[in-house]
Amino acid sequence: MTDAERDEVRAAVRQAVSVSFATGLYGVSFGALSVAAGLDLAQTMALSLLMFSGGSQFAFIGVVASGGTATAAVATAGLLGVRNGLYGPQVAPLLGAHGWRRPLAAQLTIDESTAVGTAHPPGRAARAGFWWTGVGVFVLWNLFTLGGALLGDALGDPRRYGLDAAAAAAFLALVWPRLSGPHARLARLVGGAAVVAALATTPVLPAGVPVLLAAAIAIVVGMLAPAAPEPHRDEARSADPADEGGRR
Amino acid sequence: MSPTVTWVAVLVGAAVVFAIKLVGHLVPEHWLAEPRVARTASLVTVALLSALVAVQAVAQGQALVADARLPALAVAAVALALRAPFVVVVVLAAATAAGLRALGMS
């Protein structure tokens, strides 16, 4: 390794550690909200260990909390996980992982590991950024989920502590950076339409379905809207790394 | 949802999310490089999260209810506009709702 390479790797690791802490920390809110939604400790931990994708996990418990069906919960979590699938083709060539490392790399492919990995020069630095962030977030996310679940379990009625409002705020924080990134105008339009559609159909459709209806609107708009050259920033690098670290 | 059904949903959901990640690592790069596909995926995320904000903020079963969650969400929006970190946003929203309920709001 040359000195320059060593510096690049060190910078990638440093960024990975800070992103891991910032992200891992809000595993506390996930753990607390999950038990407030009615999942037990083991189910909450299974979500963080096995599903390991913040947006999908929050969506899953959101649908459960609102009384939705298992199918709606799985479908919503799966749809929110689709973007992870789009990260694979970006990080796979950087990692060159084979054998057992490939499924491991796949499980650790989330917003943060992709963002840090692709933010550094291809080679050792990019690999260090991806693996340190992936493993770091995984370990801390699960530790903090456990803490939040134990805390939430001990609290009693979640409404008294405003945990129901915290869930809405968590989703708002997750969508916020996406409303100013690439395709901001279209994103705001779709977000607004999703809110209207979900609220208008909540009284008449079974719980969970209004949320899926919003996804259907996005698919129709995404496939049909002209690919107008909207003014955008730094879109070339990837589908979606607009989010700075710490948001998932 | 009964505990058994919840377990099935947790495991199937986790398998689906993992399968999506794995497929991303196995497909040839150009398959997903189509801009329309990438844009649609990102819009689906926006739509789902926006709908979840709305439902979490005002739905109670199948009824729409305005209670302490709405002012709490407004506080969260202000915090986000001021670039507060995620944890701060969530805690502020919870504290707002808890405070208003302690004062008698539903």
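Student: Why does Phe52(A) count as buried?

Tutor: In this predicted model, Phe52(A) has a relative accessibility of 0%.

Student: What makes Phe138(A) partly exposed?

Tutor: The relative accessibility of Phe138(A) is 23%. Buried requires a value under 20% and exposed a value over 50%; 23% lies in between, and Phe138(A) is therefore classed as partly exposed.

Student: How many aromatic pairs does a search of the whole structure find?

Tutor: Over all chains, six aromatic pairs are found.

Student: Why is the pair of Phe30(A) and Trp141(A) called stacked?

Tutor: The ring centres of Phe30(A) and Trp141(A) are 5.9 Å apart, and the planes are at 25°. Centres must lie within 6.5 Å for a pair, and planes under 30 degrees apart count as stacked; both conditions hold, so the term applies.

Student: What makes this pair a link between separate parts of chain A?

Tutor: Phe30(A) belongs to helix α2 (residues 27-36), whereas Trp141(A) belongs to helix α8 (residues 124-155), so the pair ties together parts that are 111 residues apart in sequence. Phe30(A) and Trp141(A) are both buried.

Student: How do you know that Phe52(A) and Phe138(A) form an edge-to-face pair?

Tutor: Their ring centres are 4.9 Å apart and their planes stand at 75°. The distance is within 6.5 Å and the angle is over 60 degrees, so the pair is edge-to-face. Phe52(A) lies in the loop between α3 and α4 of chain A and Phe138(A) in helix α8, so this pair ties together parts that are 86 residues apart in sequence.

Student: Which residues do ring pairs link into a cluster?

Tutor: The cluster consists of Phe30(A), Phe58(A), Trp141(A), Phe171(A) and Phe86(B).

Student: Turning to charged side chains, how do you know that Arg83(A) and Asp111(A) form a salt bridge?

Tutor: Their N to O distance is 3.0 Å. The cut-off is 4 Å, so the pair qualifies.

Student: What makes α7(A) mostly covered?

Tutor: Eight of the eight residues of α7(A) are buried, including Asp111(A), Glu112(A) and Val116(A). The elements that cover them include α1, α5 and α8 of chain A.

Student: Why is Asp3(A) called exposed?

Tutor: Asp3(A) has a relative accessible area of 56%, which is over 50%, so it is exposed. Its salt-bridge partner Arg6(A), with closest N and O atoms 3.3 Å away, is partly exposed at 36%. Both residues lie in helix α1 (residues 3-25) of chain A, three residues apart, or about one turn of the helix.

Student: How do you know that Asp164(A) forms a salt bridge with Arg159(A)?

Tutor: The closest N and O atoms of this pair are 3.5 Å apart, and the limit is 4 Å, so the pair is a salt bridge. Asp164(A) is buried at 16%, whereas Arg159(A) is partly exposed at 30%. A network of salt bridges links Arg159(A), Asp164(A), Asp67(B), Arg69(B) and Arg101(B).

Student: How many salt bridges are counted between chain A and chain B?

Tutor: Two are counted between these chains. Asp164(A) forms a salt bridge with Arg101(B), with the closest N and O atoms 2.8 Å apart. The interface also has 14 residue pairs in polar contact.

Student: Which helix of chain A gives the most to the side that touches chain B?

Tutor: Helix α5(A) does, with 20 residues. The residues on that side of chain A divide into 67 nonpolar, 21 polar and eight charged.

Student: What is the area buried between the two chains?

Tutor: About 6,900 Å² is buried between chain A and chain B, and carbon and sulfur atoms give 76% of that area. In terms of contact, 96 residues of chain A meet 69 residues of chain B.

How values were computed:
Residues numbered from 1 in each chain as written. Chains lettered and ligands numbered in written order. Predicted model: local features only at pLDDT ≥ 70, side-chain atom pairs only at ≥ 80, totals over all residues. Heavy atoms only, no water. Contact = heavy atoms within 4.5 Å. Buried area = accessible area lost by both parts, 1.4 Å probe. Polar contact = N/O pair within 3.5 Å; in protein donor to acceptor, adjacent residues only side chain to side chain. Helix = DSSP H or I, 4+ residues; strand = E, 2+ residues; numbered from the N terminus. Nonpolar A, V, L, I, M, F, W, Y, C, P; charged D, E, K, R; others polar. Buried < 20%, exposed > 50% of the residue type's maximum accessible area, 1.4 Å probe, protein only.
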